[in-house]
Amino acid sequence: MSATLAKGINAFKEVIDTPIASYFSSCVHCGLCAEACLFHNETGDPKYTPIHKLEPLRRVWKQEYTLLGKLGKMLGLSKPVTDEELTEWEPLVYDSCTMCGRCSMVCPVGNDITYMIRKMREGMSASGHAPEDMKGATKRAIEIGSPMGIKWPAVQAQIKHVQAETNIEVPVDKMGADYLVLMSSMEIINFPEYLSAISRIFKQAGVSWTLAPDAFEATNSGIQIGSSDLAREIVSRIVVAAERLKVKCVISPECGHAFTAIRWEGPNLMGKPFGFEVKHILEVLDELHAAGKLKTKGKDKRPLTYHDPCQITRRGGVVEQPRRLLGSVAEDFREMPDAGVMNWCCGGGGGVSANSRAEPLRLEVFKVKKRQIEATGVHTMITACANCRIVMEEGLEHYHMKVEVLGLTELLAEYLVEGE
Amino acid sequence: MPSALVDASVVAAIVALFVLLAHRLNNPVKRMLSGFGDYLAWTVTLLPLLTGYMAYHHLMLEYTLMLSLHIFSVELLLVLLPFTKLFHTFSVFVSRWYNGDFYGRKGVAS
């Protein structure tokens, strides 16, 4: 599939729907979104103003869908969108936007700028203006099955390891299980604690669950690069497996954009409602906790704070669950400034962490996270997204900070009452 | 409404518009974002206020001429409204509705 400017412009025309048209009509160029943006806030560079990152898309909207714009185009007065311009905009749309959604929260006229960036990436990737690293990750996700090139045998190896460690059988391909558990490649490679924690918690809670060899990967590079066709293909693997195994619910792992991909974009991509529920692992754990099935004993004495992953909290609605869960195991829980739906992004969401070109900028904007952590004075930070976790571990190392990052699921497993 | 109150509101509105313009010109983000349309919208918003105030106080031009300029400027505002940023006065409700629906569906207060 070759990418051309014409395809990109066509994609721009296609993605402009009623919300986008009303958003562009409503924007009064007040510039408030700049102050909400991680990248503008930390660098002070006006080019990182969120609505400015959409300039080429705005011009296509104006030239194609407004009266004055059409008139201007007819008279040859308007500036067409060119390949050079899109090349210039590529770092703005991909490197300096994590689709964290803070700008969408502060816009006084209610523009969902994040949604527009997501849509603009459709035209960027169709015209060949996506970062090389993200193209590679998407290619691997389609051809191999995972953006990091992981295949089922790698998961099998981890299952073996977990089974030896916990003496609990990890169910695979179990027909009629209640839950289908997904993982992110980051968890498979870097954080085997997740699978081990899930096995122990679910055994204790008496939950019937399974893994699926054809749908273990939850991440979706198609969403990040902005290709709905590829995103659909990746989501459909999960849908097919969930339907095949007749599960009642699919559990999105400790990964931000995977939750957005499966829970919120999934049914729209597939064009039909799912025959099963999709929940984030924190929602499931919170339900088990409320039902008295997830019993913990003792409390962590370390001062702890919680980093809200953007796609899970602000863009996902899972806000109270982690607090309730942490409340049960943390003795000294401290909220960081701006915690909850206005939390600052780790700097690596929306595909930025997969894009090596963006690394210096990502480390620079980590300063805000540094300030947030320092304000709490803790040395242990909990989160619920493996990508946030790896990005923050890199940031912490870069700034020589002695802060440990843990996943919430594994923290809960540490205090689990077992064998009753 | 009492004339004095209207008068005071007009003066306040004119002052506010100039403050907004100064801010638009001085803030680097706003200056970068602003184009012809933003300044046009500002101008056509100011003119009815200014000409109305001047007509009422018989300033500069003869009253009937100033009054006709005032009426003309209001017409200009109404004509340009659908084609400029001023249209946000209506589309803001559509945008807010979509944004509210998006976040509301997920249970996020915005």
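Start at Q158(A): at 7% relative accessibility, this residue counts as buried (under 20% relative accessible area; exposed is over 50%, partly exposed in between; 1.4 Å probe, protein chains only). Q158(A) sits in helix α11 of chain A (helices are DSSP runs of H or I with at least four residues, strands are runs of E with at least two, numbered from the N terminus). Now select A141(A), 17 residues away along the chain: its C-alpha atom and that of Q158(A) are separated by 20 Å.

This is a predicted model, in which local features need pLDDT of at least 70 and side-chain atom pairs pLDDT 80 or more, while totals for chains, interfaces and linings use all residues. Residues are numbered from 1 along each chain as its sequence is written, chains are lettered from A and ligands numbered from 1 in the order in which they are written, and side-chain values use heavy atoms, without hydrogens and water.

**Aromatic pairs**

Over all chains, the search finds twelve aromatic pairs (Phe, Tyr or Trp rings, the six-membered one for Trp, with centres within 6.5 Å; planes under 30 degrees apart are stacked, over 60 edge-to-face, the rest tilted). Stay in helix α11 and select W152(A) with F216(A). Their ring centres are 5.8 Å apart and the planes stand at 45°, so the pair is tilted. F216(A) lies in the loop between β2 (209–210) and α14 (221–225), so the pair ties together parts 64 residues apart in sequence. Both W152(A) and F216(A) are buried.

Next, select F366(A) and Y399(A). This pair is stacked, at 6.3 Å centre to centre and 15° between the planes. F366(A) is in the loop between α19 (359–365) and α20 (367–376), Y399(A) in the loop between α21 (386–398) and β8 (404–407). F366(A) is buried at 1% relative accessibility; Y399(A) is partly exposed at 22%.

Then show Y179(A), F202(A) and W209(A), which form one aromatic cluster.

**Charges over rings**

Select R102(A) and W344(A). R102(A) lies over the face of W344(A), 3.5 Å from the ring centre (the rule: NZ of Lys or CZ of Arg within 6 Å of the centre and within 35 degrees of the ring normal). Move to R389(A): its charged end sits over the ring of F191(A), 3.8 Å from the centre.

**Salt bridges**

The count comes to 31 salt bridges over all chains (a Lys or Arg side-chain nitrogen within 4 Å of an Asp or Glu carboxyl oxygen). Pick E265(A) and R118(A), bridged at 2.8 Å, N to O. E265(A) is in helix α16 (residues 256–270) and R118(A) in helix α9 (residues 113–126), so the pair ties together parts 147 residues apart in sequence. E265(A) is buried at 18%, and R118(A) is buried at 6%.

Now R324(A) and D286(A): a salt bridge at 2.6 Å, N to O. R324(A) is partly exposed at 45%, whereas D286(A) is buried at 8%.

**Cysteines**

The search finds zero disulfides over all chains (sulfur atoms within 2.5 Å). Select C30(A): its closest cysteine sulfur, in C107(A), is 6.3 Å away, too far for a bond. For C255(A), the closest is in C385(A) at 5.1 Å, also too far. C255(A) is buried at 3%; C30(A) is partly exposed at 25%.
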